[in-house]
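Work through the following exercises with the sequence and the structure beside you, and try each task before you read its solution.

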Amino acid sequence: MFYVDTSVFVAALTPEPATERVQGWLADQQAGSLHISGWTRVEFAAALRFKQATGQIDGAGRERAAAQFARIESYGLTLWPVSVADYEEAARMAAADALPLRAPDALHFAMAWRRGATLCTLDAGLRRACDRIGHAALTP
């Protein structure tokens with residue numbers, strides 16, 4: 001079981017150095033084995049806005065990536081709701097000096113941690129935090 005953070009979808013659906021590799025990894029996964037949270041949706045929308053605002057993609061690229069994400073979500077992603085317990089765990093993780101996590105990353109980590117899912121991320125800091133406490137992580 002995999003919890004996939006936003007960085008993986010941004011790389012898969014917009015031009016980035018890891019795009020081809022991540023697209024291949026996603027294509028190899030079985031429907032229903034990948035999980036996201038409602039927070040992933042929010043962060044993905046913000047990432048597309050940022051990429052357009054900074055000239056990394058144009059409006060058509062933004063619309064295409066949003067439509068592709070919606071298709072992927074409808075065909076094979078399981079949406080986990082964010083609970084109060086997830087926020088509480090994320091707050092604990094964000095406060096830990098040993099895991100210098102930004103708040104959004106702490107929430108992704110908490111989602112995976114509480115459900116025993118392997119965290120899939122391209123974020124080096126998030127991956128290091130997983131490694132520090134022995135949580136399964138994968139960089140596609």
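A residue is called buried under 20% relative accessible area, exposed over 50%, and partly exposed in between, with a 1.4 Å probe and protein chains only. The model is predicted, and local features need pLDDT of at least 70, side-chain atom pairs count only at pLDDT 80 or more, while totals for chains, interfaces and linings use all residues. Residues are numbered from 1 along each chain as its sequence is written, and side-chain values use heavy atoms, with hydrogens and water left out.

**Exercise 1.** Classify Arg41 and Glu73, and describe how their side chains meet.

*Solution.* Begin with accessibility: Arg41 has 40% relative accessibility and therefore counts as partly exposed, whereas Glu73, at 15%, counts as buried. Next, the two side chains meet in a salt bridge at 2.6 Å, N to O, where the term requires a side-chain nitrogen of Lys or Arg within 4 Å of a carboxyl oxygen of Asp or Glu. Finally, the pair links distant parts of the chain, since Arg41 belongs to helix α3 and Glu73 to helix α4, 32 residues apart; helices here are DSSP runs (H or I, at least four residues), numbered from the N terminus.

Conventions. Helices (H or I, at least four residues) and strands (E, at least two) are DSSP runs, numbered from the N terminus.
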